[in-house]
Number of protein chains: 2
Amino acid sequence: MSAKANDSNHELELTQFLTYRVVKLHHALNAQAVAVLDRVAGITLAQWRIIALIGSGTAKTARDIAQKSIIAPAVISRTTRTLEDAGLLSTRRPSSDRRVLEMTLTDEGRRIYETTLPHMQARQRALLKALAPEERDVIFEMFEKLETAAARREFME
Amino acid sequence: MSAKANDSNHELELTQFLTYRVVKLHHALNAQAVAVLDRVAGITLAQWRIIALIGSGTAKTARDIAQKSIIAPAVISRTTRTLEDAGLLSTRRPSSDRRVLEMTLTDEGRRIYETTLPHMQARQRALLKALAPEERDVIFEMFEKLETAAARREFME
DNA sequence: CATCATTGCTTGATATGTCAATTATTCATC
DNA sequence: GATGAATAATTGACATATCAAGCAATGATG
């Protein structure tokens with residue numbers, strides 16, 4: 001009982017904890033995206049993600065969105081409904097497979113996509129510009145490695 | 001109207017979007033931490049964060065926790081109550097300033113802290129080990145730069 | 001072609017996070 | 001030492017996310 005757990009304090013130094021830093025970065029990036037989207041288009045981040053995927057042609061159906069993004073099906077379903085109600089998105093069930101929800105942007109939806117995209121791309125460039133060229137070259141690779149490592153569930157052998 | 005927005009498709013390639021990758025990494029890290037904590041201690045991530053901050057001596061009060069972490073005051077308040085009800089944490093209002101909520105781990109709380117910490121430290125080491133030494137050297141610096149850049153709100157000049 | 005499993009999406013219940021308003025206490029100033 | 005501002009924590013209302021169950025349509029199997 002004499003040894004205080006504080007001995008391991010340096011290891012617990014929060015600023016050096018990977019997860020903590022990622023959470024903080026995620027928060028900061030989120031807040032930035034939310035602010036930009038609210039200012040330039042009056043939409044939420046979840047709404048933008050769907051508009052961007054459909055607008056760019058990256059996704060055509062709810063299924064595509066679920067597969068190519070990390071948006072949960074429930075969120076897709078509800079956000080899509082909101083976008084439809086707001087007149088930014090129109091949907092249909094193709095006769096080839098009537099389970100599928102096919103989406104296209106309305107004119108208004110496309111207008112929003114096209115005015116918002118440059119802002120979001122400029123933001124992306126600004127973020128990458130904050131890094132040194134060598135850092136830019138490796139950052140996505142690092143993320144990949146960390147994600148793989150995060151899939152492990154055992155560390156004490 | 002002839003030019004499809006797909007022209008900018010390569011720029012929109014999701015896997016190259018910083019925010020998207022950070023979100024995905026955050027999710028993966030979260031899921032890992034949740035799984036480990038559930039298995040070794042039966043506690044949630046929010047609970048662990050508070051136990052760790054108090055157990056390590058990094059924080060002594062709710063205020064400390066709010067300042068040194070990114071946990072919102074409301075979450076601190078409610079999680080603290082839960083931990084108290086579970087008998088892992090005890091609180092008191094110091095006579096020097098009776099607004100402040102001072103916390104200490106109970107014996108049971110400390111036991112959980114001490115059995116959980118090695119697992120979380122091993123996890124942290126395993127994560128860092130997934131990176132090359134040069135990468136480890138720069139990753140926190142990169143996070144710092146990106147966070148600073150994420151504080152900006154204007155990009156189109 | 002009947003049956004069962006699978007797929008795509010939706011929904012309700014629950015958990016979690018966020019924001020604003022509120023309370024109690026302390027601090028600062030006159 | 002009374003008054004108003006600031007601080008620490010709490011609470012309720014609301015938004016958002018997650019999970020499991022459900023439904024409808026399709027596919028696969030005998």
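Guide: A definition to begin with: a residue is near a strand if its C-beta atom, placed from the backbone, lies within 6 Å of it. Also, this is a predicted model.

Visitor: Which residues come nearest to DNA strand C?

Guide: There are 20 residues around DNA strand C, and those that come nearest are A:Ala62, A:Arg63, A:Ala74, A:Ser77 and B:Ala74. Two or more residues each come from helix H4 (62-68) and helix H5 (73-85) of chain A, and from helix H5 (73-85) of chain B.

Visitor: Which element gives the most to that surface?

Guide: H5(A), with five residues.

Visitor: And how do the residues of that surface divide?

Guide: Into 10 nonpolar, four polar and six charged.

Visitor: New topic. What rotation superposes chain B on chain A?

Guide: One of 180 degrees, with 0.0 Å of shift along its axis and an RMSD of 0.1 Å. That is the relation of a two-fold axis. Both copies use the same surface, as 100% of the contact residues of chain B recur in chain A.

Visitor: Now H6 of chain B. Where does it bend?

Guide: At B:Thr116, by about 30 degrees, and B:Pro118 follows within four residues. The helix covers residues 107-129 and reaches 33 Å from first C-alpha to last, close to the 33 Å expected.

Visitor: What do the buried residues of H6(B) pack against?

Guide: B:Thr116 is itself one of the buried residues, and others include B:Ile112 and B:Leu127. The buried residues pack against elements of chain A, namely helix H2 (18-40) and helix H7 (133-150). Within chain B they pack against helix H2 (18-41), helix H3 (45-55), strand E1 (89-92) and strand E2 (102-105).

Notes: Residues numbered from 1 in each chain as written. Chains lettered and ligands numbered in written order. Predicted model: local features only at pLDDT ≥ 70, side-chain atom pairs only at ≥ 80, totals over all residues. Least-squares fit on C-alpha atoms with pLDDT ≥ 70 in both. Contact = placed C-beta atoms within 7 Å. Expected span 1.5 Å × (residues − 1). Bend = angle between axes of the 7 residues up to and from the residue. Buried ≥ 20, exposed ≤ 12 C-beta atoms within 10 Å, placed from the backbone. Nonpolar A, V, L, I, M, F, W, Y, C, P; charged D, E, K, R; others polar.
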